[in-house]
Amino acid sequence: MKRLVLVSLFFMSILHCVAQSSGGDFTKRIEFNVINCLYEKSADGDSMKLTYKYNLSSKSANEKFLFGNVNAEVEFFTEPSFSSPYGLRIIRDSLNRSHLEIRAVANYDEVEKLLGEKYSNKYLVFGLDELDKIKDFKLSDEEKEAMAAHNREMGAKREKERWELYRQEVHSVPVTDAFAQLLFERVSSAIDTFKGVSSRKIVNGMIFENVILDGDTRIFRCVVDDEVWMLKVHEPTGRTKALATICDNMFNDVKGHTFREGKYLEELKRIDERNNKG
C-alpha cells in the first residue's frame with residue numbers, strides 16, 4: 001500500500017507558533033466567575049428564583065457542549081488534535097454531596113468521518129517517494145486562495161453541523177468532600193504557580209525554538225471565591241503533566257467502573273512533591 005502525504009491550505013500564510021519549555025503555548029486567566037445574576041419565576045410560577053450567568057469566555061465550544069453554561073468548582077478538560085475531547089469535574093447534588101463526573105463525545109469518530117466525507121477539504125497529494133517535489137511544487141496566488149477559501153468554507157460547515165450530531169457520554173461516582181477539596185487544592189496550585197519558560201535559544205545569531213504542532217491541550221479550571229481561574233497548556237511537562245495524567249487515569253477508571261478514591265487520594269498527595277515547573 002502506497003503511503004501518502006497530504007498538504008492543504010486554510011490561510012494564505014502560516015501562523016507563527018510559540019513554544020515553551022513547560023510544553024507548548026499556554027494561557028493563564030483569572031476573571032470574575034459570575035457576570036450577571038437575576039431573579040426569574042420558578043417552574044410553578046408562584047415564586048422567584050435567583051439565577052446566575054457564569055463567565056464562560058475562557059471556554060472552547062467543546063467545553064461548552066460537554067460542561068454546559070456553568071463553571072464547576074473544579075474542572076479538567078482535554079482537547080486532543082485528532083480524537084474526542086473529554087473532561088471531568090466535581091459537581092454537587094441537591095443534598096450538597098460531591099460527585100466526580102466525566103464527560104466525552106460518544107460518537108466523535110463516527111461524526112467526524114461523516115462530516116469529513118460530506119464537507120471534504122482539498123489537498124495536494126504526494127507519495128512518500130515524492131517528498132522532494134513538495135518544496136518545488138508551485139501554486140499561483142489565485143490557486144492558493146481558492147483552495148484556502150474552499151477549505152475554510154468546508155470547515156465552517158463541519159463546525160456548524162457537528163453540534164447537532166454529537167452525543168454525550170456521561171458517568172459519575174460519589175466522592176468524599178476530602179477528595180473534592182484535595183483535587184481543588186492541586187488544580188488551584190497548578191494554575192497559581194505555573195510558569196512559562198521560553199525554549200528560545202540564540203546560536204551564532206540565529207533564533208531556534210521548539211515548536212509543537214499537534215498533541216493534547218490540557219485545561220484546568222477552578223472557582224476561587226468570586227473568581228474563576230483557568231490554565232490552558234499545550235503538551236505540558238513537569239508537575240502540570242503529572243496532574244493531567246492523574247486526571248486521565250481517573251477519567252478512564254470512572255468510565256471503566258474501576259475508580260477507587262483511596263488510590264487517587266494518595267496520588268494527589270504525592271504530586272505536590274514533584275517538579276513544580278509547568
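The structure is a predicted model, in which local features need pLDDT of at least 70, side-chain atom pairs count only at pLDDT 80 or more, and totals for chains, interfaces and linings use all residues. Residues are numbered from 1 along each chain as its sequence is written, and side-chain values use heavy atoms, with hydrogens and water left out.

**Confidence and overall build**

- The mean pLDDT of the protein is 84, with 79% of its residues at 70 or more; pLDDT is the predictor's confidence in each residue, from 0 to 100.
- Residues 11-22 have a pLDDT below 50, and this stretch has 36 contacts in the model beyond near neighbours in sequence; a contact means heavy atoms within 4.5 Å.
- The protein contains six helices and 13 strands.
- Of its 278 residues, 38% are buried, where buried means under 20% relative accessible area, exposed over 50%, and partly exposed in between (1.4 Å probe, protein chains only).
- Among contacts with a separation of 6 or more, 67% join residues 24 or more positions apart.
- The accessible surface comes to about 16,600 Å², and carbon and sulfur atoms account for 53% of this; such areas come from the Shrake-Rupley method with a 1.4 Å probe, and for residues only the protein chains shown count as cover.

**The nonpolar surface patch**

- The patch is formed by V34, Y39, M48, L50 and Y52, which together have about 510 Å² of accessible area.
- Patches are made of residues with over 30% relative accessible area and no salt bridge, joining like charges within 9 Å and nonpolar side chains (Val, Leu, Ile, Met, Phe, Trp, Tyr) within 5 Å; a salt bridge is a side-chain nitrogen of Lys or Arg within 4 Å of a carboxyl oxygen of Asp or Glu.
- Strand β4 provides the largest share of the patch, namely three residues.
- L50 is found in β4 and is partly exposed, with a relative accessible area of 34%.

**Aromatic pairs**

- The whole structure holds 11 aromatic pairs; rings of Phe, Tyr and Trp (its six-membered ring) pair if their centres lie within 6.5 Å, and planes under 30 degrees apart count as stacked, over 60 as edge-to-face and the rest as tilted.
- The pair of Y86 and F251 is tilted, because the ring centres are 4.9 Å apart and the planes stand at 50°.
- Y86 lies in strand β6 (residues 86-92) and F251 in helix α5 (residues 238-255), so this pair ties together parts that are 165 residues apart in sequence.
- Both partners are buried: Y86 has a relative accessible area of 15%, and F251 has one of 6%.
- One aromatic cluster is formed by F65, Y108, W163 and Y166.

**Buried residues and their surroundings**

- In helix α6 (residues 261-271), the buried residues are E261, Y264, L265, E267, L268 and I271, and they pack against β9 (168-174), α4 (177-193) and α5.
- W229, in strand β13 (residues 227-234), is buried at a relative accessible area of 14%.
- Residues touched by W229, not counting those up to four places away in sequence, include R29, I30, S188 and F220.
- W229 and N33 are 196 residues apart in sequence, yet 8.5 Å apart in space, C-alpha to C-alpha.
- T217, in strand β12 (residues 217-224), counts as buried at 19% relative accessibility.
- Leaving aside neighbours within four places in sequence, T217 is in contact with F77, T78, E79, K232, V233 and H234.

Key. Helices (H or I, at least four residues) and strands (E, at least two) are DSSP runs, numbered from the N terminus.
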